[in-house]
2 protein chains.
Amino acid sequence: MSKEVTSRAADYSQWYNDLVIKGGLADYSAVRGCMVIKPYGFTLWEHMRDALDKMFKDTGHVNAYFPLFIPKSFLSKEAAHVEGFAKECAVVTHYRLKNDPDGKGVVVDPEAKLEEELIVRPTSETIIWSTYKDWIQSYRDLPLLINQWANVVRWEMRTRLFLRTAEFLWQEGHTAHATREEAVEEARKMLEVYATFAEEFMALPVIKGVKTASERFAGAEDTYCIESLMQDGKALQAGTSHFLGQNFAKAFDVKFLNKDNQQEYVWATSWGVSTRLVGALIMAHGDDEGLVLPPRIAPLQAVIIPIYKGPEQKDLIDAKAKEILEDLKSKGIRAKYDDNDNNRPGWKFAEYEMKGVPVRLVLGARDLENHKIEVARRDTREKETVNLDGISQYVDGLLIKIQFEMLQRARKFMEESITKVDTWGDFVKVLDEKGGFVSAHWDGTAETEEAIKEKTKATIRCIPLDNPQEDGVCIFSGKPSKERVLFARAY
Amino acid sequence: MSKEVTSRAADYSQWYNDLVIKGGLADYSAVRGCMVIKPYGFTLWEHMRDALDKMFKDTGHVNAYFPLFIPKSFLSKEAAHVEGFAKECAVVTHYRLKNDPDGKGVVVDPEAKLEEELIVRPTSETIIWSTYKDWIQSYRDLPLLINQWANVVRWEMRTRLFLRTAEFLWQEGHTAHATREEAVEEARKMLEVYATFAEEFMALPVIKGVKTASERFAGAEDTYCIESLMQDGKALQAGTSHFLGQNFAKAFDVKFLNKDNQQEYVWATSWGVSTRLVGALIMAHGDDEGLVLPPRIAPLQAVIIPIYKGPEQKDLIDAKAKEILEDLKSKGIRAKYDDNDNNRPGWKFAEYEMKGVPVRLVLGARDLENHKIEVARRDTREKETVNLDGISQYVDGLLIKIQFEMLQRARKFMEESITKVDTWGDFVKVLDEKGGFVSAHWDGTAETEEAIKEKTKATIRCIPLDNPQEDGVCIFSGKPSKERVLFARAY
Ligand SMILES: [Zn+2]
Ligand SMILES: [Zn+2]
């Protein structure tokens with residue numbers, strides 16, 4: 001069969017690619033590093049986007065849209081920011097092509113050179129704060145709580161579908177506040193929104209924390225993050241929320257008249273999640289049969305497949321299946337009846353397993369006689385035979401159950417994958433043999449952090465929020481430490 | 001008052017800009033030709049987008065996402081297409097910046113030159129059809145009914161907010177079919193969707209037609225369009241739907257095995273509307289007081305403004321206003337209670353008129369005593385005093401009435417602005433003195449079309465669908481003609 005998936009044990013990375021491509025989520029494109037998000041993958045993203053968008057609006061945010069292009073000089077205005085972002089980016093230098101005088105095709109018109117190059121946005125702090133300068137005069141204009149859904153480009157040399165692509169889709173919130181406290185509160189609030197979204201919609205448990213100085217966003221004073229764990233024991237940063245202090249306000253001279261009638265720089269946050277989350281979803285839940293999608297965001301939640309011999313049986317099954325389909329739809333369940341004659345039932349079973357459809361209903365002639373239907377869960381692959389009466393209600397409940405149990409299993413896996421170690425030997429051993437998060441004492445210096453990264457490829461994923469204070473010694477330097485931090489190898 | 005609007009009579013073009021900027025829809029940006037869509041404008045666009053997206057899905061389409069960048073060589077593959085699009089576009093030539101060795105800031109790294117330049121998509125036929133080649137093998141893979149919501153860039157030298165900007169937002173449908181008939185039917189079906197959307201949501205009546213050969217989309221066999229009329233008598237193309245024949249299939253070698261087991265080129269359509277529609281909306285309905293927005297897509301449908309003296313009156317009015325607000329919201333009405341103390345009622349009246357909020361409710365102390373409230377319509381500026389009982393139901397009905405009457409008025413204006421003429425003298429006179437659409441005989445040649453355009457700046461907007469056949473002579477050349485076409489000066 002053509003849709004065979006490489007097993008996780010055989011080649012985890014190939015398994016991931018198989019799921020993306022054979023599951024119909026995305027494809028490579030003719031443009032290096034850019035992908036095509038196929039309809040099935042885009043519908044998944046739409047459900048994630050719509051859920052997030054509602055959460056943003058429920059917390060008082062509005063959407064807007066800022067230019068795709070950023071004047072080159074803007075990137076240099078915030079010193080740390082330019083170091084982090086200006087390097088690998090798409091640069092627009094010309095605004096016209098002309099017919100090739102030497103033959104066919106078109107060439108860049110050398111006379112249409114831009115005076116100042118434009119950068120395709122890798123993130124929008126600079127263009128947005130240059131705009132906020134015009135929008136903010138007084139404390140009455142604050143807070144500004146704005147989000148943007150957009151495409152961004154970062155020229156990655158090694159790309160992977162969804163996880164790291166030159167162009168990707170994301171949302172970026174950019175808020176402006178009158179006080180430090182309010183901005184910090186906003187950054188933390190949006191981290192909570194992300195954590196809630198990951199757990200409730202993606203069935204993806206996360207650890208909330210704050211990054212060390214070396215792992216901070218370029219231009220941030222603090223970067224909060226949610227970290228998740230993939231099945232191969234590697235961590236994946238699922239979202240970040242930055243407290244930017246007054247850095248961008250100072251870079252773009254954005255001041256406001258405060259209540260005491262004094263000019264003050266504005267306080268900022270930014271926060272974002274991207275189509276990278278789709279990659280996290282795949283790796284957190286997929287199995288060797290294909291995708292396993294959480295019901296709340298699955299493009300298709302239930303599929304009905306008929307099994308029949310001859311047109312008489314087909315007519316009877318068709319009638320009942322269509323009735324069930326309407327019942328499911330009337331309950332708001334995204335359902336489909338696949339009566340396509342070109343494919344055999346076995347092919348369909350494999351196809352919908354590959355696509356991770358949470359519930360499969362199989363209706364055969366004998367089932368119909370017995371007033372029963374076979375119900376299969378994608379996540380556990382359990383099958384049972386259920387009475388046809390109230391089947392749509394049964395499926396409705398089952399979808400909720402699956403969503404809940406997927407989160408529970410993922411949480412159990414994550415909790416079992418956090419290992420406390422107190423020596424360098426154990427640290428290396430756990431990283432190599434078990435993987436997951438390693439909770440260890442660290443002396444708080446960037447030098448130690450860097451040395452550990454060089455020796456083990458493990459980075460400090462975060463210092464968990466509300467981290468218990470505990471005296472100890474750094475596993476690497478032996479110097480005193482007051483708390484443990486979470487290390488892991490990461491995507 | 002700072003928000004004064006230039007009148008249409010004084011300077012129509014300045015009036016338009018005033019409405020966009022003072023109405024809070026959009027702003028110029030630091031990047032030449034690009035605009036910032038502000039939250040109020042973006043919410044309007046979201047409502048338009050969501051309504052269209054639902055109509056697309058209801059007609060069987062799905063969304064996907066294709067790369068922002070198009071390899072330069074792709075543009076040359078369809079001969080007509082490259083003539084139309086390759087000229088004014090943003091060209092990415094490099095993928096890295098580096099620190100300026102001579103000073104501060106960053107410069108383009110000459111070592112990071114792309115082997116083949118990338119064009120920021122001006123439209124996506126080429127990248128999409130290069131992808132469809134991999135997706136289509138047999139008639140079983142057809143039709144492909146895909147839409148994309150995206151940003152596109154066309155390097156315009158003279159730009160106007162919403163109407164013509166270097167970057168704009170749009171949707172582009174790209175469908176693939178097994179037969180010519182099915183593709184033509186799709187192109188016409190989507191034209192109907194656009195017409196229905198314009199009339200039912202934007203209260204914008206349109207004429208459905210087909211473009212002449214010279215006005216066709218670059219690469220199309222037929223371009224269907226909806227044409228609308230602005231208050232200054234100029235036409236505005238509000239949407240286009242193209243039957244592309246097999247042009248892109250041939251350019252990208254996309255064939256399928258048909259039911260007779262033979263290889264055949266795939267038939268195509270593409271269709272799009274953009275943020276330009278926001279410009280149409282403004283010019284179709286706005287008045288000298290500001291925006292006038294149709295209720296179905298207005299970001300805010302009703303606003304309640306309190307008028308009181310002293311805290312006792314305020315408490316009473318507050319309580320009632322909040323009750324009304326909740327009632328309105330429970331009916332799904334987008335409503336707001338503006339009790340901001342910083343602004344006086346008169347300022348608020350002007351502000352919400354400027355923003356085109358369809359219904360204003362004013363609650364004063366005497367109203368409250370009389371159990372009444374003042375209701376003002378934005379479109380007609382009529383005021384009436386209404387009993388507080390059932391006020392939310394009253395507003396609900398009034399919003400429907402306003403939506404309906406806005407369309408009726410616009411339709412009446414458009415119908416009165418179609419003038420039949422039979423001589424060159426009348427043609428020029430009507431264009432200069434009355435404007436609007438001029439229905440006239442044309443000999444069917446591109447030469448005449450071009451000559452008329454040069455002399456009068458009027459173009460053939462379309463040949464209406466189901467155009468009555470009628471013998472006549474061309475107003476310009478005197479040659480025989482079998483039908484009238486619609487001329488106008490246009491945006
Ligand atoms: Zn959906
Ligand atoms: Zn809305």
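A salt bridge is counted here where a side-chain nitrogen of Lys or Arg lies within 4 Å of a carboxyl oxygen of Asp or Glu. The model is predicted.

Q: How many salt bridges does a search of the whole structure find over all chains?
A: The search covers the whole structure and takes in all chains. Under the cut-off of 4 Å between nitrogen and carboxyl oxygen, the total is 63 salt bridges.

Q: Which residue meets A:R360 in a salt bridge, side chain to side chain?
A: A:R360 belongs to strand β18 of chain A, and its partner belongs to strand β19 of chain A, 14 residues apart from it. The pair thus links distant parts of the chain. The N to O distance is 3.9 Å, and the partner of A:R360 is A:E374.

Q: In which sense do strands β18 and β19 of chain A pair?
A: Strand β18 covers residues 359-364 of chain A and strand β19 covers residues 372-377 of chain A. Within this pairing A:V359 stands opposite A:R377.

Q: What is the order of the five strands in the open sheet of chain A?
A: The pairing in this sheet is mixed. Its edge strands, each pairing on one side only, are β17 (335-337) and β20 (383-387) of chain A. From one strand to the next the twist averages 25 degrees. The order in chain A is β17-β16-β18-β19-β20.

Q: What angle does the direction of helix α10 of chain A make with that of β16(A)?
A: Helix α10 comprises residues 345-354 of chain A and packs on the sheet. It touches β16 (302-307), β17 and β18 of chain A. Its direction and that of β16(A) make an angle of about 170 degrees.

Q: Which helix of chain A lies across β16, β18, β19 and β20 of chain A?
A: The helix in question spans residues 391-416 of chain A. It runs at about 15 degrees to β19(A), and it is helix α12.

Q: How much area do chain A and chain B bury between them?
A: In chain A, 66 residues are in contact with 66 residues of chain B. Carbon and sulfur atoms account for 66% of the buried area. A:Y65, A:Y95 and A:L97 lose the most area in chain A, together 12% of what that side buries. The area buried between the two chains is about 5,200 Å².

Q: Which strand of chain A supplies the largest share of the side that touches chain B?
A: The residues of that side divide into 40 nonpolar, 11 polar and 15 charged. The largest share amounts to 12 residues, and these come from strand β5 (residues 88-99) of chain A.

Q: How many bridges join β5(A) to strand β5 of chain B?
A: These two strands run antiparallel. Within the pairing A:H94 stands opposite B:V91. The number of bridges between β5(A) and β5 of chain B is five.

Q: Which residue of β7(A) stands opposite A:V92?
A: β5(A) and β7(A) pair in the antiparallel sense over three bridges. Strand β7 (residues 113-120) of chain A also pairs with strand β4 (residues 69-71) of chain A, where A:F69 stands opposite A:V120. Opposite A:V92 stands A:L118.

Terms used: Residues are numbered from 1 along each chain as its sequence is written. Chains are lettered from A and ligands numbered from 1 in the order in which they are written. This is a predicted model: local features need pLDDT of at least 70, side-chain atom pairs count only at pLDDT 80 or more; totals for chains, interfaces and linings use all residues. Side-chain values use heavy atoms; hydrogens and water are left out. Two strands pair if DSSP finds at least two bridges between them. Helices (H or I, at least four residues) and strands (E, at least two) are DSSP runs, numbered from the N terminus. Axes are lines fitted to C-alpha atoms, for helices over the stretch in contact, and angles run from 0 to 180 degrees between N-to-C directions. Contact means heavy atoms within 4.5 Å. Buried area is the accessible area (1.4 Å probe) that two parts lose on being put together, summed over both. Ala, Val, Leu, Ile, Met, Phe, Trp, Tyr, Cys and Pro count as nonpolar, Asp, Glu, Lys and Arg as charged, and the others, Gly among them, as polar.
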